[in-house]
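Please look over the structure below with its charged side chains in mind.

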Amino acid sequence: MSRAERATASHNARLLFITGAGALVVAIGLSYTALTYRLSHRGQVTDRFTKALERLGSAELYVRIGAIHSLTHVLRDSADHHADVLQVLVAFVRQRAPRVTGNDSPNPIYPRPNLRTEPDSDVQAAMTVIAARVRRPRHEPPGILDLARLDLTGVRLPKGQLQGAYLAGAQMQRADLRGAQLRGADLRGAQMQRADLRGAQLRGADLTEAQLQVAELSGAQLQGANLARAQLQNARLFRAQMQGANVAETQLQGAYLAGAQLQGAYLAGAQFEKTNLAGAQLQKADLSGSGLGIAAVQGLSIDCLAKADIDEGTELPFGMREDLQAYLKQLK
């Protein structure tokens with residue numbers, strides 16, 4: 001290599017070293033700036049969270065609502081504070097909402113009218129934040145949404161995110177839960193008379209002994225849900241998806257089940273007086289209760305059954321298939 005070539009190579013090496021060193025300095029500076037920003041942002045969020053907590057205990061309604069709105073922003077901006085904010089809001093609702101007393105009848109066919117028509121404004125605000133929160137399942141411990149045995153009559157939570165919520169024994173009469181996400185929720189014994197659950201997602205939910213008289217459940221997703229001994233008198237279940245649901249011993253008097261998807265559902269012991277089953281899909285459904293110690297369905301007329309769709313896999317009470325065939329032959 002000539003002297004000129006060695007000089008050029010040496011110059012290039014020095015230039016490369018200087019460029020690399022400069023890039024390293026810039027990278028370190030950017031990393032330090034990013035770390036400083038994150039620490040500053042975390043401190044700001046923590047400060048906002050602390051101030052919101054102080055205002056949440058105010059005697060003034062407007063101050064409490066303002067604190068809830070502040071927590072909304074903290075919940076949105078910080079995954080690290082997600083569980084903390086959610087726990088605070090749930091605790092706030094549990095403190096502010098009335099409790100369901102033991103004097104309430106557990107299975108009223110004609111329940112006493114609830115004088116409350118809607119939650120207090122701060123309770124509604126907190127429930128709205130809970131239901132509309134950013135979904136971060138990894139930051140939500142199981143059971144964090146414990147809203148059991150609270151009076152939430154008239155609460156408005158359309159499209160609310162309430163998956164896995166514990167709502168056993170809660171009063172939610174006339175609640176607006178259209179399109180709400182209640183997959184796997186515990187609603188045992190919940191009082192939801194006249195609630196609007198159109199299109200609600202209730203897959204695998206536990207609605208054992210729930211009070212759903214005159215409720216609107218059209219298009220609701222109830223696949224695999226447990227509706228055993230639920231009260232659904234005069235409820236509207238038009239085109240509800242109830243495949244594989246447990247509907248044993250459920251009160252369905254006067255219910256509107258036209259077009260409902262009940263394939264593979266277990267319906268033994270259900271009460272069907274004046275139930276509308278026009279176009280209901282009952283393929284492979286069990287209405288007989290055979291082998292499980294539960295009586296067959298009650299009050300199901302041949303005329304009503306004739307309007308539903310059944311197949312050879314549909315288990316009917318003893319003698320009803322023959323009666324149905326004779327009835328259909330007579331109509332021809």
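**Salt bridges and a loop threonine**

With a relative accessibility of 37%, Arg229 counts as partly exposed, and the side chain of this arginine meets that of Glu209 in a salt bridge with an N to O distance of 3.1 Å. The model is a predicted one, and a search of the whole structure finds 17 salt bridges in it. Side chains of opposite charge can pair when their charged atoms come close.

**The pair Arg229 and Glu209**

- The salt bridge between Arg229 and Glu209, at 3.1 Å from N to O, ties together parts that are 20 residues apart in sequence, because Arg229 lies in the loop between helix 4 (121-131) and helix 5 (302-306) and Glu209 lies in the loop between helix 4 and helix 5.
- Glu209 has a relative accessibility of 30% and therefore counts as partly exposed, as does Arg229 at 37%.

**Other salt bridges**

- Arg133 and Glu140 form a salt bridge in which the closest N and O atoms are 2.7 Å apart.
- Arg133 is buried at 4% relative accessibility, and Glu140 is likewise buried, with a relative accessible area of 14%; both values fall under the 20% that marks a buried residue.
- Arg198 and Asp196 bring their side chains together in a salt bridge, with 2.5 Å from N to O.
- In this pair Arg198, at 39% relative accessibility, counts as partly exposed, whereas Asp196, with a relative accessible area of 16%, is buried.
- Arg48, Arg76 and Asp77 are linked with one another in a network of salt bridges.

**Thr314 and its surroundings**

- Thr314 is found in the loop between helix 5 and helix 6 (320-331), and its relative accessibility of 3% places this threonine among the buried residues.
- A polar atom of the Thr314 side chain lies 2.7 Å from the backbone oxygen of Leu282, a distance that is within the 3.5 Å used for a polar contact.
- When residues up to four places away in sequence are not counted, Thr314 touches Leu282, Gln283, Lys284, Ala285, Leu287 and Arg321, so that Leu282 is listed among the contacts of Thr314 and also supplies the backbone oxygen that lies 2.7 Å from a polar atom of the Thr314 side chain.

Note on methods:
Residues numbered from 1 in each chain as written. Predicted model: local features only at pLDDT ≥ 70, side-chain atom pairs only at ≥ 80, totals over all residues. Heavy atoms only, no water. Salt bridge = Lys/Arg side-chain N within 4 Å of Asp/Glu carboxyl O. Buried < 20%, exposed > 50% of the residue type's maximum accessible area, 1.4 Å probe, protein only. Helix = DSSP H or I, 4+ residues; strand = E, 2+ residues; numbered from the N terminus. Polar contact = N/O pair within 3.5 Å; in protein donor to acceptor, adjacent residues only side chain to side chain. Contact = heavy atoms within 4.5 Å.
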